[in-house]
Amino acid sequence: MRIGVLNNVRAGRNPRRAARVRAFLQAHPEVSQVETENGEHVAEALLLLARKGVELLAVNGGDGTLQRTLSEILGTGCFPQPPLIAPLRGGRTNMNALDIGSQHNPVTALESLLHAARNGGVQERLVDRAVLRVEFDDGSPAHYGMCMGVGLVCRAIELTHSLFPEGRAQGVFGASVVIGTLIARLMSGSRDGILQPDAMRIRLDGQPLQPENFLLVFATTLERLFLKIRPFWGQEPADVRVTAIAGGIRCPLRVVPGILYGRPPASITPEAGYTSRNVNEVELRLDCGLVLDGEMFAPQLGRVVRISADRRVRFVRA
């Protein structure tokens with residue numbers, strides 16, 4: 001099995017981590033490696049790896065690097081046959097790699113991956129997962145990723161990046177502090193500033209969702225997010241997990257743990273402003289910004305976004 005590594009040397013703003021991966025790979029010349037410094041270089045890097053016949057691709061970066069990789073592989077067909085993909089935890093946020101089951105240390109994960117490839121153990125590590133397809137109404141190419149949020153999600157990420165220094169502090173730690181603060185403000189009844197609801201129209205599998213202003217909306221194909229939270233509880237047999245919380249909801253402390261871990265009390269219903277369903281397609285008409293696995297899209301008046309999950313990827317636990 002031909003193995004390749006896409007090594008984002010800027011991921012996580014931690015060059016020492018990327019350097020350790022580079023040093024490890026220098027001792028394994030049978031593994032093809034291409035380094036990138038930003039998302040603009042991902043397409044060229046993948047073409048190089050495709051020409052080398054890579055069948056198992058390890059991606060050393062964060063959620064944003066993996067999102068760019070998925071968009072190129074699934075959107076452009078740069079590989080004749082999509083490779084197996086092993087996400088490594090090399091970025092600020094590594095929700096996707098964590099959900100797939102990759103080890104904390106990228107070098108240790110690579111060692112384990114190479115051992116499995118040599119000894120026929122890759123099949124035991126396969127994780128089949130649907131991937132979000134996100135399309136805009138401007139005719140631009142589709143984007144592929146694992147978790148998309150709008151409005152408040154974008155503003156919370158921007159706040160995290162403004163409050164904490166570059167690097168891993170802007171990842172799980174910073175996000176946890178910001179989310180905890182925002183939950184406390186919600187419970188106090190605050191709905192101003194960053195917590196101001198966004199006007200939008202949502203259709204889930206063609207059915208309109210009421211009302212038309214929402215505090216929080218996200219869609220994912222992951223089974224858990226950071227800190228192992230699972231803020232979705234739909235039971236329908238579909239791949240896109242959607243949670244939407246209306247702007248006028250009340251948020252007492254006693255309901256928060258149940259919402260965060262997918263076990264809400266009986267009072268958390270669509271009629272009360274809390275919707276969580278598994279669907280095949282989501283359509284959003286909105287003015288606010290959105291984020292897909294760390295890639296931010298600026299607000300745009302009247303933008304229409306369609307989200308589905310028409311492709312599946314075979315990931316590998318590294």
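Visitor: Which residues of α5 are buried?
Guide: A heads-up before we dig in: this is a predicted model, where local features need pLDDT of at least 70 and side-chain atom pairs count only at pLDDT 80 or more, while totals for chains, interfaces and linings use all residues. Residues are numbered from 1 along each chain as its sequence is written, and side-chain values use heavy atoms, with hydrogens and water left out. Buried means under 20% relative accessible area, exposed over 50% and partly exposed in between, with a 1.4 Å probe and protein chains only. By that cut-off, the buried residues of α5 are Pro106, Val107, Ala109, Leu110, Ser112, Leu113, Leu114 and Ala116.

Visitor: And what covers the buried residues of α5?
Guide: Helices here are DSSP runs of H or I with at least four residues, strands are runs of E with at least two, and both are numbered from the N terminus. Contact means heavy atoms within 4.5 Å. On that basis, the cover over the buried residues of α5 includes β1 (3-8), α1 (15-26), β3 (56-61), β4 (84-89) and β16 (303-316).

Visitor: How far does α5 reach from its first C-alpha to its last?
Guide: The expected span of a helix is 1.5 Å times one less than its number of residues. Helix α5 runs over residues 106-118 and has 13 residues, with 18 Å expected. The reach in the model is close to that, at 18 Å.

Visitor: At roughly what angle do α1 and α5 cross?
Guide: Axes are lines fitted to C-alpha atoms, for helices over the stretch in contact, and angles run from 0 to 180 degrees between N-to-C directions. The axes of α1 and α5 come within 9 Å, and they cross at roughly 30°.

Visitor: Which orientation class does that make α1 relative to α5?
Guide: Angles under 35 degrees count as roughly parallel, over 145 as roughly antiparallel, 65 to 115 as roughly perpendicular and the rest as oblique. With a crossing at roughly 30°, α1 and α5 therefore count as roughly parallel.

Visitor: Which hand does the crossing of α2 and α3 have?
Guide: Helix α2 (residues 42-51) and helix α3 (residues 63-76) pack at about 60° with their axes 10 Å apart, and they are therefore oblique to each other. A crossing is left-handed if the near helix is turned anticlockwise from the far one by less than a right angle, and right-handed if clockwise. For α2 and α3 the hand is right-handed.

Visitor: How many polar residues sit in the contact of α6 with α7?
Guide: Helix α6 (residues 152-163) and helix α7 (residues 172-187) pack at about 120°, axes 9 Å apart, and that makes α6 oblique to α7. In α6, Leu152, Ala156, Leu159, Thr160 and Leu163 meet Gly174, Ala175, Val178 and Leu182 in α7. The contact has 7 nonpolar and no charged residues, and the polar ones number 2.

Visitor: Which strands and helix do the buried residues of α6 pack against?
Guide: The buried residues of α6 are Leu152, Cys154, Ala156 and Thr160. They pack against β7 (147-151), α7, β8 (198-204), β10 (213-220), β14 (290-292) and β15 (295-297).

Visitor: What is the relative accessible area of Asp205?
Guide: Asp205 lies in the loop between β8 and β9, and has a positive phi of about 50° although it is not a glycine. Asp205 counts as partly exposed, at 36%.

Visitor: Is Ala238 buried or exposed?
Guide: Ala238 has its place in the loop between β10 and β11 (240-246). Leaving aside neighbours within four places in sequence, Ala238 is in contact with Asn278, Val279 and Asn280. With 18% relative accessibility, Ala238 counts as buried.

How values were computed. Ala, Val, Leu, Ile, Met, Phe, Trp, Tyr, Cys and Pro count as nonpolar, Asp, Glu, Lys and Arg as charged, and the others, Gly among them, as polar.
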